[in-house]
Amino acid sequence: MTQMNLYSMPSSGNSYKVRLLLALLGRSYTHIPCEAGSDALSAAKAEGKAPLGKLPVLHLADGRVLNESDAILWYLGAGTNWVPADPFAQAQMLAWMFFEQNRHEPVIAVRAALLCYPERAHLATPERMAALLDEGHALLALMEDALQDRDWFCGTTPTIADIALYGYTCTAGTRGGYDMDRFPRINGWCARITALPGYITLEHQP
Ligand SMILES: N[C@@H](CCC(=O)N[C@@H](CS)C(=O)NCC(=O)O)C(=O)O
């Protein structure tokens with residue numbers, strides 16, 4: 001193995017976060033796309049390439065393996081401008097990343113998945129969809145408030161917390177059905193991310 005291999009799901013925000021940071025950092029790697037329900041995903045799991053059974057997974061050139069999108073962001077961002085040096089700023093950044101995984105992703109990504117993946121349609125009861133809509137709007141309102149006096153979630157420059165939050169926020173309206181007109185500051189923040197040099201869309205496959 002001579003360079004990093006990334007096993008990632010093309011349609012997934014968790015995988016997109018990692019592809020996006022790699023692009024913004026200008027890092028080269030081999031992409032192994034494994035879409036939901038594909039033979040490639042089954043093969044990756046059968047070959048032990050996804051030790052925790054989920055993607056993304058980053059395989060380093062020396063053979064070490066990293067699971068969990070936000071842990072991978074931390075690893076790739078360490079020592080760059082994407083991770084602040086100050087311990088308090090780092091902790092603030094991690095707080096947003098835990099918020100993303102514990103609260104944002106289980107609501108906003110799940111509603112989008114119920115709408116977008118046909119095999120999950122039977123789980124999209126009207127009651128569940130309505131609850132996810134309300135919960136998601138409340139979470140987005142927290143993000144909107146946080147952006148009241150800043151361009152980025154932690155400090156004056158973008159960090160990996162912005163990438164983590166962007167992964168599923170960027171499609172909250174188009175895939176999740178959330179009313180993004182209510183959140184002008186989030187829309188401005190998304191526009192600032194798309195303007196970063198090296199930015200790629202979710203659809204872009206390396
Ligand atoms: N907390 C994990 C979640 C990873 C995850 O749920 N990945 C999904 C796609 S979003 C997956 O690999 N699904 C394939 C499967 O369950 O078979 C992370 O952030 O990396």
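Here, a residue counts as near a molecule if one of its heavy atoms lies within 4 Å of that molecule. Keep that in mind as you look at this predicted model and its ligand, which is surrounded by M9, S12, N14, L41, K45, K54, L55, P56, E68, S69, Q101 and Y168. The ligand sits in the largest pocket.

**Around the ligand**
- Two of the neighbours to look for are K54 and L55, which both belong to the group around the ligand.
- In K54, an N or O atom of the side chain is 2.7 Å from an oxygen atom of the ligand.
- With L55, the backbone takes part: one of its N or O atoms lies 2.7 Å from a ligand oxygen atom.
- How much of the ligand's accessible area does the protein cover? On its own the ligand has 510 Å² of accessible area, and the protein covers 78% of that.

**N14, a ligand neighbour in a helix**
- N14 is one of the residues surrounding the ligand, and you can find N14 in helix α1, which runs over residues 13-25.
- Is N14 buried or exposed? N14 has a relative accessible area of 12%, so it counts as buried, given that the cut-off for buried is under 20%.
- The N14 side chain also makes a polar contact, at 2.9 Å, with the side chain of K17.

**F183, in a loop**
- Look for F183 in the loop between α6 (160-169) and α7 (184-194).
- F183 is buried because its relative accessible area is 4%, and buried means under 20%.
- Now find H137: F183 and H137 are 46 residues apart along the chain, while their C-alpha atoms are separated by 9.3 Å.

**A146, in helix α5**
- A146 lies in helix α5, which covers residues 126-146.
- The relative accessibility of A146 is 16%, so A146 counts as buried under that 20% cut-off.
- How far apart are A146 and P206 in sequence and in space? A146 and P206 are 60 residues apart in sequence, and C-alpha to C-alpha they are 33 Å apart in space.

How values were computed: Residues are numbered from 1 along each chain as its sequence is written. This is a predicted model: local features need pLDDT of at least 70, side-chain atom pairs count only at pLDDT 80 or more; totals for chains, interfaces and linings use all residues. Side-chain values use heavy atoms; hydrogens and water are left out. A polar contact is a pair of N or O atoms within 3.5 Å; within protein, one must be able to donate a hydrogen and the other to accept it, and residues adjacent in sequence count only if both atoms are side-chain atoms. Accessible areas come from the Shrake-Rupley method with a 1.4 Å probe; for residues, only the protein chains shown count as cover. On a 1 Å grid over the protein atoms alone, a cavity is a set of points where a 1.4 Å probe fits but cannot get out, and a pocket is an open set with protein on both sides within 12 Å along at least five of seven lines; lining residues have an atom within 4 Å of a point. A molecule sits in a cavity or pocket if more than half of its atoms lie within 2 Å of its grid points. Helices (H or I, at least four residues) and strands (E, at least two) are DSSP runs, numbered from the N terminus. Buried means under 20% relative accessible area, exposed over 50%, partly exposed in between (1.4 Å probe, protein chains only).
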